[in-house]
Amino acid sequence: MNSIEKLTTGFKSFRDGDFEDRKTTYENLVDGGQNPKVALIACSDSRVDPATLLQTDPGDLFVVRNVANLVPPYEREGHYHGTSAALEYAVQHLEVEHLVILGHAYCGGIKSLFDKPTKGAEGNQFVPPWMSLVQSAYLRVEGTLPDSSDDVKARICEKSAVLVSLENLMTFPCIRQRVGAGQLRLHGWYVDIREGSLQVFDPVNQQFKAVD
Ligand SMILES: [Zn+2]
């Protein structure tokens, strides 16, 4: 079975199994519309599928996936703000109660910051400018731990990047307003698929803490 046949076979298995079992759930989600309480920004990385990692049901999560699970700052100018459009829809229209940034270990996007790719080279047209969103996290770890290995620095940078995205979320007026009104809460999470661990950022102690 090739990789595409695996997908279509998977769909048939879903259709005849899970879909059949949850037919009422799907009907309700179509007739009543979706009403997720949580929007989540995850990485495009094939190993960190939120529905698998968090064992969610249909309708639970509104998900945005992009390279390195980044949130850009609010900008009125510009052209195609896919992540910002999804955030606006989640917050303004779905009125989600939680926004989660799901960072992860061994992120290729974060690793690219340490690989120092040649900007503008073919194949590196879009990733470097996108990853420059968390250049501050990269510079901070290079400044504080110059002698550590790139691996150690990348793990720290992955977590710092989650915090940068949390800060950027608050630059969106609709998000700032709803957080201020107590209608929306922001969460920074970090998953390690080698350890099988999930860490949650504690804003009081300014640290990530493992979930038991
Ligand atoms: Zn990633």
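The model is a predicted one, in which local features need pLDDT of at least 70 and side-chain atom pairs count only at pLDDT 80 or more, while totals for chains, interfaces and linings use all residues. Residues are numbered from 1 along each chain as its sequence is written.

Let us begin with the sheet. It is open, has 6 strands in the order β2-β1-β3-β4-β5-β6, and its pairing is mixed. At the edges stand β2 (61-66) and β6, each with a single partner strand, so one side of each is left without a neighbour in the sheet. From one strand to the next, the twist averages 25°. Helices (H or I, at least four residues) and strands (E, at least two) are DSSP runs, numbered from the N terminus, and two strands pair if DSSP finds at least two bridges between them.

Now follow the chain through the end of the sheet that holds β4, β5 and β6. Strand β4 (residues 185-192) and strand β5 (residues 197-202) run antiparallel and are joined by 4 bridges. Their hairpin has 4 residues between the strands, and Gly196 there takes a positive phi near 70°. β5 then pairs with strand β6 (residues 207-210), again in the antiparallel sense and over 4 bridges. This second hairpin has 4 residues between its strands, with Gln206 in the turn at a positive phi of about 55°. Val200 is a handy landmark in β5: Trp189 stands opposite it on one side, and Lys209 in β6 stands opposite it too. Gln199 has Ala210 of β6 as its bridge partner. In a regular strand, side chains alternate between the two faces of the sheet.

Helix α6 (residues 108-115) packs on α9 at an angle of about 125°, with the axes 9 Å apart; axes are lines fitted to C-alpha atoms, for helices over the stretch in contact, and angles run from 0 to 180 degrees between N-to-C directions. The two helices are therefore oblique to each other, a label for angles that are not under 35 degrees (roughly parallel), over 145 (roughly antiparallel) or 65 to 115 (roughly perpendicular). On the α6 side, Ile110, Lys111, Leu113 and Phe114 meet residues of α9 that include Cys157 and Ala161. Residues count as in contact if their C-beta atoms, placed from the backbone, lie within 7 Å.

Helix α8 (residues 135-144) also meets α9: their axes come within 8 Å and cross at roughly 140°. That makes α8 oblique to α9. Among the residues in this contact are Tyr138 and Val141 of α8 and Cys157, Ala161 and Val164 of α9.

Elsewhere, helix α5 (residues 82-93) and helix α10 (residues 173-180) pack at about 35°, with their axes 10 Å apart. Here Glu88, Val91 and Gln92 of α5 meet Cys174, Ile175 and Arg178 of α10.

The 14 residues of α1 reach 20 Å from first C-alpha to last, close to the 20 Å expected at 1.5 Å a residue. α1 is hardly covered, with 0 buried residues among its 14; a residue is buried if 20 or more other C-beta atoms lie within 10 Å of its own, exposed if 12 or fewer, and partly exposed in between, with C-beta atoms placed from the backbone. Asn124, in the loop between α6 and α7 (127-131), is partly exposed, with 14 other C-beta atoms within 10 Å. Its C-alpha atom is separated by 37 Å from that of Lys12, 112 residues apart along the chain.

Conventions: Expected span 1.5 Å × (residues − 1). Contact = placed C-beta atoms within 7 Å.
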